[in-house]
Amino acid sequence: MTVEITACWTRQFGIAPCPTCEMMGGYAGKAIRNGFPEQLQEGSVAFRLVDYENKENEALAKDDEIRGPALTVAKITDDKVEKHQNLEQIWTKVRDKPKFIE
């Protein structure tokens with residue numbers, strides 16, 4: 001079993017990640033690295049940043065019901081998503097990095 005955390009972002013003006021998406025992806029990465037270092041090392045936890053509007057990620061966006069920037073957590077067993085959750089409450093912590101990382 002693997003737990004996969006995915007930060008999905010969009011491009012601002014089609015060029016680069018929007019600043020808020022980039023910031024939240026950074027918060028998420030730090031929280032995962034700080035909270036799950038052994039699991040990251042052994043591969044039971046994975047973290048990735050994804051442009052959900054990119055055609056290559058279309059299936060992920062559809063499967064996880066991504067309609068905008070998001071942070072999702074998925075439990076994956078035998079390469080199949082058993083369960084996933086969109087952590088919508090992250091947007092209440094945009095300007096509060098310490099609270100987000102808790």
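Predicted model: local features only at pLDDT ≥ 70, side-chain atom pairs only at ≥ 80, totals over all residues.

Trainee: Which residues lie nearest the centre of the largest pocket, and what makes a residue part of its lining?
Mentor: Of the 15 lining residues, Ala31, Ile32, Leu71, Leu87 and Phe100 lie nearest the centre. Helix H1 (19-35), E5 and helix H4 (97-101) are the elements that give two or more residues to this lining. Helices (H or I, at least four residues) and strands (E, at least two) are DSSP runs, numbered from the N terminus. A pocket is an open set of points on a 1 Å grid over the protein atoms alone, where a 1.4 Å probe fits, with protein on both sides within 12 Å along at least five of seven lines; lining residues have an atom within 4 Å of a point.

Trainee: Why are Tyr27 and Phe100 called a tilted aromatic pair?
Mentor: The count comes to one aromatic pair. Tyr27 and Phe100 are 5.4 Å apart centre to centre, with 55 degrees between the planes. Rings of Phe, Tyr and Trp (its six-membered ring) pair if their centres lie within 6.5 Å; planes under 30 degrees apart count as stacked, over 60 as edge-to-face and the rest as tilted, so the pair is tilted. Tyr27 lies in helix H1 and Phe100 in helix H4, so the pair ties together parts that are 73 residues apart in sequence.

Trainee: Are Tyr27, Phe100 and Arg95 buried or exposed?
Mentor: Tyr27 and Phe100 are both buried, whereas Arg95, at a relative accessible area of 70%, is exposed. Buried means under 20% relative accessible area, exposed over 50%, and partly exposed in between (1.4 Å probe, protein chains only). Arg95 is placed in the loop between E6 and H4.

Trainee: How do you know that Glu82 and Lys75 form a salt bridge?
Mentor: Their closest N and O atoms are 3.6 Å apart. A salt bridge is a side-chain nitrogen of Lys or Arg within 4 Å of a carboxyl oxygen of Asp or Glu, so the contact qualifies. The structure holds one salt bridge. Glu82 is partly exposed at 48% relative accessible area, and Lys75 is partly exposed at 31%.

Trainee: What makes E5 and E6 a pair of strands?
Mentor: Strands E5 (residues 70-77) and E6 (residues 80-86) pair in the antiparallel sense over six bridges. Two strands pair if DSSP finds at least two bridges between them, so E5 and E6 meet the rule. Val73 stands opposite Gln85 in E6, and Ile76 stands opposite Val81. The two strands form a hairpin with two residues between them, and Asp78 in the turn has a positive phi of about 50 degrees.

Definitions and conventions:
Residues numbered from 1 in each chain as written. Heavy atoms only, no water.
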